[in-house]
Amino acid sequence: MSIAVLSCPAPIRHRTPVAPLDYDLRDRAISAYEAQQYPEAIRLTLAYMLPGEQIPDLSNEALQVVHGSARIHVHTDSGSLVLSTVLAQLREDSQATAALRYYLSRLSATGQLFQPRLRGDTLSLEFRDQLSLLHPLKLIEVLQRMPMEADANDAWMIERFAVDTPDREQVAALSEQEFERAWQIWSNHWSAMNELLLESRRRRSVRFLDTLGSLAANHIRYALPLSGPVRADLNETAETFTDSEEHPTKRDSSLAKCIKEMGKVSQAQLRDCLGHASYAINPLQEGTAALLSSLLAGTRMQGTGELRSSGRSLEAALELISDYVYLLAYHSWPAEIESALRAGLDLVSNKPWREVADLLWNHANSTVRAHGNHAETELKESTDEYSYDA
């Protein structure tokens with residue numbers, strides 16, 4: 001076997017402090033809207049989405065929401081609520097046609113509540129709706145999606161299309177010690193992914209490719225506060241190699257291309273694309289006990305148990321690590337659960353595959369018992385009754 005262990009280092013990316021949402025505010029906002037108290041409905045909706053934020057009288061003062069590198073401006077205008085964020089400003093040397101084509105093809109969509117706008121030489125995302133037509137749930141959807149799109153599509157456009165970003169929030173640079181760790185994580189990760197891709201080709205297993213693709217993208221998303229063109233390129237390629245509907249050969253080629261391109265990223269390029277940002281709106285999904293149980297217990301884990309009990313430790317270990325990383329990369333958890341998931345990865349970092357499979361299997365079982373949804377089927381300690389059909 002070409003690779004004997006896998007490192008699971010602690011993340012450099014700061015976890016976003018998440019204030020619990022007050023669902024009573026959301027319900028009161030809906031009630032105010034139904035009573036035609038539109039400004040109050042908007043105020044309550046903003047208070048629900050932005051816990052701890054002081055919401056001004058929007059008829060007299062605009063609200064600025066900072067989300068990563070994006071600044072979202074909120075104000076009322078002639079009986080309408082307007083949300084806007086400047087993505088780029090074209091220059092004389094900008095690739096204006098290419099930039100506009102990107103906006104039209106990637107950032108606009110039929111039925112999307114917010115759309116790109118070109119005003120003079122300024123490219124923005126904008127949402128506008130009359131107060132009487134703005135149901136709180138519609139505003140919630142815009143606030144959940146528009147800041148994410150703006151944060152993901154502003155900084156990298158400087159390099160891609162030679163544009164300015166005059167209204168971009170600066171992120172805090174990593175310290176020298178943090179960057180040294182980040183570079184080590186980055187280099188070790190893509191080296192390990194290359195070795196595992198060779199293993200995937202030897203095994204010719206779509207299931208192995210699924211797990212490898214997920215781990216390749218999600219571990220970087222979890223470990224590093226990545227932004228800019230490097231993040232954009234990674235996400236764009238990952239759309240192909242993590243898509244189970246694509247042909248396996250195309251996915252394999254896409255992953256190989258990604259590993260090669262990410263391996264060419266220089267220290268200077270990576271440094272420019274790393275930084276700690278603050279987020280007004282939680283950029284992660286809210287983790288639930290049911291989600292924890294669905295991934296770490298029940299029918300999903302039966303397949304992993306079959307691999308483990310039949311001696312296929314590498315596949316079982318990778319699936320378990322991949323699930324843990326996915327839960328941490330995309331979801332916010334109470335401190336106790338996040339600590340438990342992180343402890344699982346610490347437990348198996350740089351351990352042999354068979355030991356990883358056994359340790360993380362038992363850890364998943366205990367985590368579900370302590371924090372999962374007990375209405376779900378509990379993970380079984382033994383999988384002797386499972387049979388693996390090769």
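His-363 touches Tyr-324, Ala-340, Ala-343, Gly-344 and Leu-347, leaving aside residues up to four places away in sequence; contact here means heavy atoms within 4.5 Å. The histidine sits in helix H15, where helices are DSSP runs of H or I with at least four residues, strands are runs of E with at least two, and both are numbered from the N terminus. His-363 counts as buried because its relative accessible area is 15%; buried means under 20%, exposed over 50% and partly exposed in between, with a 1.4 Å probe and protein chains only. From His-363 to Arg-201 there are 162 residues in sequence and 30 Å in space, C-alpha to C-alpha.

A word on what you are looking at. This is a predicted model, in which local features need pLDDT of at least 70 and side-chain atom pairs count only at pLDDT 80 or more, while totals for chains, interfaces and linings use all residues. Residues are numbered from 1 along each chain as its sequence is written, and side-chain values use heavy atoms, with hydrogens and water left out.

Now step back to the whole chain. The protein chain holds 15 helices and seven strands. Its radius of gyration is 23 Å, close to the 21 Å that the globule rule gives for 390 residues, so the chain is as compact as a globular protein of that length; the radius is taken over C-alpha atoms, and the rule is 2.2 Å times the number of residues to the power 0.38. Along the principal axes, the C-alpha atoms fill a box of roughly 70 × 50 × 40 Å. Of the 390 residues, 48% are buried. Among contacts with a separation of 6 or more, 73% link residues 24 or more positions apart.

Two helix pairs are worth a visit. Helix H8 (residues 228–241) packs with helix H9 (residues 248–263) at an angle of about 165 degrees, their axes 8 Å apart. Here axes are lines fitted to C-alpha atoms, for helices over the stretch in contact, and angles run from 0 to 180 degrees between N-to-C directions. That angle makes H8 roughly antiparallel to H9, since angles over 145 degrees count as roughly antiparallel, under 35 as roughly parallel, 65 to 115 as roughly perpendicular and the rest as oblique. On the H8 side, the residues in contact are Val-230, Asp-233, Leu-234, Thr-237, Thr-240 and Phe-241, and they meet Lys-250, Arg-251, Ser-254, Leu-255, Cys-258 and Met-262 of H9. By class, this H8 and H9 contact has six nonpolar, three polar and three charged residues; Ala, Val, Leu, Ile, Met, Phe, Trp, Tyr, Cys and Pro count as nonpolar, Asp, Glu, Lys and Arg as charged, and the others, Gly among them, as polar.

The second pair is helix H1 (residues 23–34) with helix H4 (residues 136–152), which pack at about 130 degrees with axes 9 Å apart. That makes H1 oblique to H4. Arg-26, Ala-29, Ile-30 and Tyr-33 of H1 make the contact with Pro-136, Leu-137 and Ile-140 of H4. The residues of this H1 and H4 contact divide into six nonpolar, no polar and one charged.

Finally, look at two loops. Arg-204, between helix H6 (176–203) and helix H7 (206–223), has a phi near 50 degrees, a positive value in a residue other than glycine. Arg-204 counts as exposed because its relative accessibility is 75%. Asn-350 lies between helix H14 (335–348) and helix H15 (353–371), and its phi, near 60 degrees, is also a positive value in a residue other than glycine. With 46% relative accessibility, Asn-350 counts as partly exposed.
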